[in-house]
Amino acid sequence: MIAQQNDEETPLLQRPEQPKTKTPLPWDQIWILLLLEMPELLSSRTLAPFIPQLIRDIGVTHGDESQVGHYTGILESSYYAAHTLTIFYWSQLSDHIGRKPVILTALLAISISMFSFGLSKTFFALVVSRVVCGAFDASDSMAKSSLMDITDATNMPKAYSYVPIPWTIAGTVGSLIGGSLSRPADRFPNIFGRSELLKTYPYLLPCSISAFLISTMWLVTYIRLKESVFTKTPLWELIKGGFFRQSYSKPRQPLNNVIVDPGEVKSKPLPLRALLTSKVLSVTASYATTGLFQMGFNSLLPVFYATPIELGGLSLDPPRIGALLAASSAMHGIFQLLFYTRLNDRFGARAIHITGVSSCIPMVILFPVTNALARAYGIGMAVWLCVVVQLMLRINLIMCFPCITLFVRAAAPNRASLGATNGIAQVAVATARIIGPASTASIFSYSLQEGHDAWSIYYFLTAIVFLAVGTASLLPRDPSVWDDSQ
């Protein structure tokens, strides 16, 4: 049960209650931005079910099963390492030249990198493909910034209640593509058995399908998406001015279906130092620690499923792993779509966020419990019950992220700096996501080795949970507290 918040930030003398008529959502743009929430998750979920098997196939572990998790973590972290180095600059650039050019560049890069990943035969080539994807992929960040641009405090929670729809579709479709279509010549010999291409590149088919879907999103974005930035600088002027050393402001008419304060249109993007306020730093810390656990958990989950039971896992094959991840995505999306707005209105964003990160403790405990049951009784009803409960608890964690986005928007010093403010938060969470997969997978591999503490990985994840709860307590009871103070 989520408790209501009453703390020192609640004003003693309430101001006259403001009318709370909700601004209608601009659906002609909202549906495109929801579509743009899909590419990053679609690509990563396509790869997740077969990456452990791919690591075995290319021979980089030399048959050492305990090293599969280690190399999986390196591969996942390479994406976020490149993402961390570039995302702030893409976000800041979008405040000057607009969101749409950055989004189109990102979608093109993701498509190319997915094709490249499917054609890779060495671990180095796999890492290069993910680095290229991470360096150019600003689609998710730009979608969030654009959604902030065209919504206000009255309709933003409602807009974010729809975000699980593309997340669910992308997670479900990506997991099914990766789990069902990897190694097609072996799994469907009557259909693909004669294809030498798919025998040589057994993971090309799922990567190609994912790349094709993302290319379709590029076309839709190019044709239908309207620019949401109201002050725009020609790229050549920006280059001549030393990129972001100076701020330019060329007025531009706002979208017809968006209500914008005229003062906001005249505001200029702020330099980095002006953005590093206590509000921005607080929400960034909370975002980073929550993202650290989420990525650590997400990277561990398929490795745990694929690891032999005697070594601490469940010995599941890629099709089953893909089906579990797909079902999990569908379950999360349906719950958030139906209940997030109501819970946010009833309890507030911080209460939902703290509940979400606190739920991570039983999620961690269920790892050794599930393996112990599998060792004792095999893969039976008790094991599947634990798997389902663990995946259901992830619902609370997933609901943390729309809450954090509300705080990011409220923390921005002005509307013209929304992209850069979001970029700061994205840099922090991307850094955490570098550390999360690599450290979690490496510690898991370490814990599997003879003579080492098998619980090391669970101690590590529990420590991250407590850190996330601590940073969540720095946030106000509701984003409106920050909005009202500006």
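Residues are numbered from 1 along each chain as the sequence is written. Because the model is predicted, local features need a pLDDT of at least 70 and side-chain atom pairs count only at pLDDT 80 or more, while totals for chains, interfaces and linings use all residues; side-chain values use heavy atoms, with hydrogens and water left out.

The secondary structure of the protein comprises 25 helices and zero strands. Of the 486 residues in the protein, 57% are buried, where buried means under 20% relative accessible area, exposed means over 50%, and partly exposed lies in between (1.4 Å probe, protein chains only). Among contacts (heavy atoms within 4.5 Å) between residues at least 6 apart in sequence, 82% join residues at least 24 apart.

Rolling a probe the size of a water molecule over the atoms shows where empty space is left. On a 1 Å grid over the protein atoms alone, a cavity is a set of points where a 1.4 Å probe fits but cannot get out; a pocket is an open set with protein on both sides within 12 Å along at least five of seven lines; and lining residues have an atom within 4 Å of a point. Grid points are joined across faces, edges and corners, and a volume is the space filled by probe spheres set on the points.

Six cavities of 30 Å³ or more are present in the structure. The largest cavity has a volume of about 790 Å³. Its lining consists of 34 residues, of which Leu41, Ser44, Arg45, Gln294 and Asn298 lie nearest the centre. Elements that give two or more residues to this lining include helix H2 (38-47), helix H4 (68-97) and helix H17 (278-306). H17 gives the most, with seven residues. By class, the lining has 16 nonpolar, nine polar and nine charged residues. Here Ala, Val, Leu, Ile, Met, Phe, Trp, Tyr, Cys and Pro count as nonpolar, Asp, Glu, Lys and Arg as charged, and the others, Gly among them, as polar.

The second largest pocket has a volume of about 220 Å³. It is lined by 14 residues, and Leu311, Gly312, Asn371, Arg375 and Ala454 lie nearest its centre. The largest share of this lining, four residues, comes from H20.

Helix H20 has 18 residues, which at 1.5 Å a residue should span 26 Å; its end C-alpha atoms are 26 Å apart, in agreement. The expected span is 1.5 Å times one less than the number of residues. H20 bends by about 30 degrees at Leu366, and Pro368 follows within four residues. The bend is the angle between axes fitted to the seven residues ending at a residue and the seven starting there. The buried residues of H20 include Leu366, Pro368 and Asn371, and their cover includes H17 and H24. Just after H20, Gly378 takes a positive phi of about 80 degrees.

In helix H6 (residues 123-136), the buried residues include Phe123, Arg130 and Cys133. H2 and H4 are among the elements that cover the buried residues of H6.

Val220 lies in helix H13 (residues 204-224). Val220 is partly exposed, with a relative accessible area of 23%. Leaving aside neighbours within four places in sequence, Val220 is in contact with Trp31, Leu35 and Leu225.
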